[in-house]
Structures are given as structure tokens and as C-alpha cells.
Amino acid sequence: MDTPLSTIAVVGLGTMGTGIAEVLARAGREVIGIDISEAAAARATTALEDATARSVARGRITEEERRDILARFRAFSDLQAAADADLVIEVVPESYEVKQQVFRALDSVVRPDTIIATGTNALSVTRLAADSARPERVLGMHFFNPAPAMKLVEVVSSVLTAPQAVAAVTDLAQALGKEPVSVGDRPGFVADGLLFGYLNQAAAMYEAKYASREDIDAAMRLGCGLPMGPLALLDLIGIDTARTVLDAMYAESRDRLHAPAPILKQLSEAGLTGRKSGRGFYTYEAPGSGVVVRDALTPLETATTGATREVRSVGVAGSGTMASGIAEVFAKAGYDVVLAARSAEKAETAKARIGKSLARSVEKGRMTAEAREETLARVTPAGSLDAFAEVDLAVEAVAEDLEIKQQLFATLDKVCKPGAVLATTTSSLPVVACARATSRPQDVIGMHFFNPAPAMKLVEIVRTVLTGDDVHATVREVTAKIRKHPVDCGDRAGFIVNALLFPYLNNAIKMVEQHYASLDDIDAAMKLGGGYPMGPFELLDVVGLDVSLAIERVLHREFRDPGLAPAPLLEHLVAAGCLGRKTGRGFREYARR
């Protein structure tokens, strides 16, 4: 095991195996590709030829370097070809039976010091190792798709794995230009362990008809900065694969959040496994294509929204960052805005904040100085909600406290003219409770902006059972006019984004509590393996641990699911006053400003 891993066999030349072979060959390793299907072996060779040709065309490698890479890859259809390999990476289908057959056959083929790595992301590495004649040389090497582009490699050791084998494979991953993360053996490891719980909840949300597939995906892309929505990602991964991973996770955790949503079984058994079959949550141009085509569930782009109310002026209640950001958004879109705070001084301070934000836009060339002055002139600060007497739309952005919001809505009910739309920006409280504080609940709706409001494109439009059709249509129309993307959802805790985001964050905290992985490894895994703009602990510290705990408690109270109970570590940190960046310490420590 102390010898360099220079000759490497890849068993299974599907998409992942082919990608791993390309990574190895580009890094100067001799690669033996093995697949029982000669057609698969031929496709792998063609794929490597095409990929390297593109690299030459883009000036990334020379023609001579391309020839060297191609010469280092040889394809076979017999496991005997692995006899001289220093490392064998198996990437065959996610089935114990199939993988065990490969492992047993390799025992009689490879040298005693050869390391065997499984590419599984769902099955037990320990169980596979136990079936091998030399379990100390078996470990997991979990690449992410597409292997040439994704930086993360999870190196998975079992209780049987020799430390030298782990060290050798970790060194190899680094030599390949990857970021190795060492983890123990449990289904999903770090990245998929967090990712698939989130994907499962998204599938269940869609199955419950809480929101459309398009709105769920748009919400998570625009609200969290993710490269793909969860349902589109399930189609890419393969719905059958996701179900296999979740089954393995649930078998170990018995956490309802990991119990595969019934729709995953229904789609899998119907052969609707996603892109590879041409249809899953979405319908595709052809099997294997990523081009989505219209089907019976695709919303009509020209669909009329029904009768709407005229909105020319907007009132924004609040003086914090969110209130001033929302006021800026409406003013930029040409609306006259009344910005009301608890005092005239606070309102002036909030307007000054808008002025500074607009000035930064001028400095960056995003708007002219003249446009800045025109936009700022549309904002009228006020020290009382009485100034909302003539607004057509009133938006509250005050503290996330139900009693405070209900008092404010009771005041709006008295102050605002008949027919005015009343909106709350709550992210977790029941909108209907605000509506019932008025004599006109049909006029009340949720407009959940994301922070910072001027930059974030998403607005969750939350309709209660009492909201009027024209009010809903009006708010959708206004949201489009302020150049935001509206998604519809019902009035339940967390709406779309927080209901999917915060259980994922909570599960990351549980991983640390259980000493399964470190903060840094988990953050790295989700950024490099899941494409997240921030790791879960970076995000928690930015959001604020007190805010996160409050949302976790609301979700737990609403859905009564034990898996949603806030992680004790989160509660302990909040109790200690460690609230994240705003206090200088949360999961990490920060320099005081």
C-alpha cells in the first residue's frame, strides 16, 4: 500500500466511470477501463476522444498532450485486465449483489497489496469490505457527477480499513486536483446524506400539491442561489437512484425525513426515472437529453391572472434593512413609496440607507445619478402609519413577532382605504393570523421578499384560504412589475424555501453533534459536491442562529415531525449568546468590527 497508485482500473464505464477514467488519464495515470459491455467500453473511448478534442480546441491542452492522454487509457471487457492495477475503483450499479460479485472476482485477480475502492453513495462500505478476502484494503472513493468538473471526493473508511489505504487514496485525490474529505461509513456520507433528505422533502412537497414543480425549483434556485432546483436535480441524478439512496439512509436513521416520498416509488416503478428515460418530474426531448419540453403540467406563459386592482402607490412599514430594501425595489420600479417607521427620525434614517444603496449602484455604473435622484424622490418618509391613508398596497416589514404584526394589521385596517391590498413579509408566521386581525381578511396576502431585497429575485406569494382572487392576481402582477420572480404557495410554516432549507441546516448540525464530520468538511462537501454558494455553517452564521432556531421551532411545531426538532447544539449556542456573525461568534468566531 506504500507504492504510488500509478496504474488504476475503473470497473463500470457508465457516465461516472467514464468521467473518473478521464480525470485519471489527464492526471498522468495509466487507466484500465473495464466493462462487461463492449459497447460501453467503446462509448467511454469515444467520450474521452471527444472531451480531449474539445480541450485542444479551447487551447487547454496541446495535440501532443491529447495523444498522451488517449494512450494512457485502454478499455477491456474482462476483469482479468485489472491484474496489474495498484487501485481498482468500481462504479457498477448500486446493488449489493452486483458489487459483491465484482469484489469476489477481484479477490482472485488483483495483487495482495491492491486497494479496492467502491464508488457507492448509498451502500455500506463495511458490508462490501466484509465480503472481500482482504477487507483492510477496501474503502469508498465517492466522486461527484460530472467527475471532471466536480472538485469533491469523499474518502470513506470502514472500521476494517487500514490507515495506509486511506492515506494513499487521499494523496491520489489531491494529486488529481480534487478536494478529499475523509468520512466514516454511513449511507449518503456527508454531501448526499444532507442533499437527499432535502430532495426527498421537495418531492413530498410537490406530491402534496403544495406548489408546482416549476415554483419549487425556481424558489430554491433564486432564494438559495442553487445551480438547480431539487426536482430537476432528482431527474438528473435518476429517481430510481435517489430512491435507493433514501432507502439505505432510512434503514439506518429511521428518520421520517429519509423515508422515500411515495411519488419516488411510483415514478421509478413506472420507468419514469428522469432524464435517462426521457421523463421524470419533467418531460425531456429524448432519453438522455437535458432539454425540457412542454407537457400537460407546464403552465401557460400567456395565462391571464384574472381581475386585478390598480396599484400606483405603496406603503412600506418598518425601518430595518428589509423595509428599506423593499422600499428601494418599489421606488426603482416607478412606484410612489411611503416609508413609515415608529418615528420620523427612524424613517429618515431608513431613507438615508436607501440613498447610500442607490449611490453604490451609481458608482458601479448600474444607474445614473439622475435616476438615483428620481428614485429617491419617490420615497416619502413618515413617522406614523397614518401616512398610509391613500396607498394602494401596504407592505409590512417589521419584527418577526406575531403579536407585533397583528397589532400593525389592526392599525392598517383602520388607516388604509377600502380596496387597499395588505401584505406581510413574514418568513415563518401564519399569514391568516395577520388577516384575522383585520375586518377585511380577503385583502391580506403574504409577500415574502429575500434579503437583500434589491438583489434577490424571488418573492414567495402566500395565499391564505381567505385571500381574494383579485388580490392574488394583483400581487403577482405587481411582483412582475418590480422585476421579481413570483412563486405561489399556501399559508403553512416555512412556505417553500425555509421549509426545505432549514431541515437541511438542522441535519448538518446533527452531523457535527454526532462527531461524524467537522464544520469545515461539511461546508466544503456542500459547496464542492452540491454546488451550494455557502456551506451550511457559513449560512447559519450569516442568517443568525437565533433566527434559525426560531424557524426550526416553528417548523417542528407545525409539522410535529421528530426529525424537525431543533438540534440541541443550536439551542445551546443560542442560549450562550453565540448568534453568528452579528455577535462575533456562532459556529465559528469572527473578528469584531
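**Entry 1: salt bridges**

I take a salt bridge to be a side-chain nitrogen of Lys or Arg within 4 Å of a carboxyl oxygen of Asp or Glu. The model I am reading is predicted, so local features need pLDDT of at least 70 and side-chain atom pairs count only at pLDDT 80 or more, whereas totals for chains, interfaces and linings use all residues. Residues are numbered from 1 along each chain as its sequence is written, and side-chain values use heavy atoms, with hydrogens and water left out.

With that criterion I searched the whole structure, and the search returned 29 salt bridges. I looked up Asp523 and Arg588, whose side chains meet in a salt bridge at 2.8 Å from N to O. Asp523 belongs to helix α19 (residues 519-530) and Arg588 to the segment after α22 (568-575), so this pair ties together parts that are 65 residues apart in sequence.

For burial I use relative accessible area: buried is under 20%, exposed is over 50%, and partly exposed lies in between, with a 1.4 Å probe and protein chains only. On that scale Asp523 counts as buried at 3%, while Arg588 is partly exposed at 21%.

I then looked up Lys99, which forms a salt bridge with Glu94, their closest N and O atoms being 3.3 Å apart. Lys99 is buried at 1% relative accessibility, and Glu94 is partly exposed at 25%. I also noted a network of salt bridges that links Asp86, Arg111 and Asp113.

**Entry 2: Glu310**

I found Glu310 in the loop between β10 (292-293) and β11 (313-317). The side chain of Glu310 meets that of Arg312 in a salt bridge, at 3.8 Å from N to O. Glu310 is exposed, with a relative accessible area of 57%, and Arg312 counts as exposed at 57% relative accessibility. As a distance check I took Glu310 and His142, which are 168 residues apart in sequence and 56 Å apart in space, C-alpha to C-alpha.

**Entry 3: a positive patch**

Which residues form a positive surface patch? I list Arg353, Lys356, Arg360, Lys364 and Arg366. A patch here is made of residues with over 30% relative accessible area and no salt bridge, like charges being joined within 9 Å and nonpolar side chains (Val, Leu, Ile, Met, Phe, Trp, Tyr) within 5 Å. Lys and Arg count as positive and Asp and Glu as negative, with His and the chain ends not counted. Arg366 sits in the loop between α13 (344-363) and α14 (369-377), and Arg366 is exposed, with a relative accessible area of 63%.

**Entry 4: helix α9**

I examined helix α9 (residues 230-237) and found it mostly covered, six of its eight residues being buried. Those buried residues are Pro230, Leu231, Ala232, Leu233, Leu234 and Asp235. They pack against α7 (191-207), α8 (213-224), α10 (239-253), α11 (262-269) and β9 (283-284), where contact means heavy atoms within 4.5 Å. Just after α9, Gly238 takes a positive phi of about 110°.

**Entry 5: Leu429**

Is Leu429 buried or exposed? Leu429 is buried, with a relative accessible area of 13%, and I located Leu429 in the loop between β15 (421-424) and α16 (431-435). Not counting residues up to four places away in sequence, Leu429 touches Glu400, Asp401, Leu402, Lys405, Asp491 and Phe495. Leu402 is 27 residues from Leu429 in sequence, and the two are 6.7 Å apart in space, C-alpha to C-alpha.

**Entry 6: backbone notes**

I recorded a cis peptide bond from Asn145 to Pro146, with omega near 0°, and Pro146 lies in the loop between β6 (138-143) and β7 (152-157). The peptide bond from Asn451 to Pro452 is cis, again with omega near 0°, and Pro452 lies in the loop between β16 (444-449) and β17 (458-463).

Phe189 has a phi of about 50° although it is not a glycine; Phe189 lies in the loop between β8 (179-184) and α7 and counts as buried at 0% relative accessibility. Lys209 has a positive phi of about 60° and lies in the loop between α7 and α8, and Lys209 is exposed, with a relative accessible area of 73%.

How values were computed. Accessible areas come from the Shrake-Rupley method with a 1.4 Å probe; for residues, only the protein chains shown count as cover. The place of a charge is taken as NZ of Lys, CZ of Arg, CG of Asp or CD of Glu. Helices (H or I, at least four residues) and strands (E, at least two) are DSSP runs, numbered from the N terminus.
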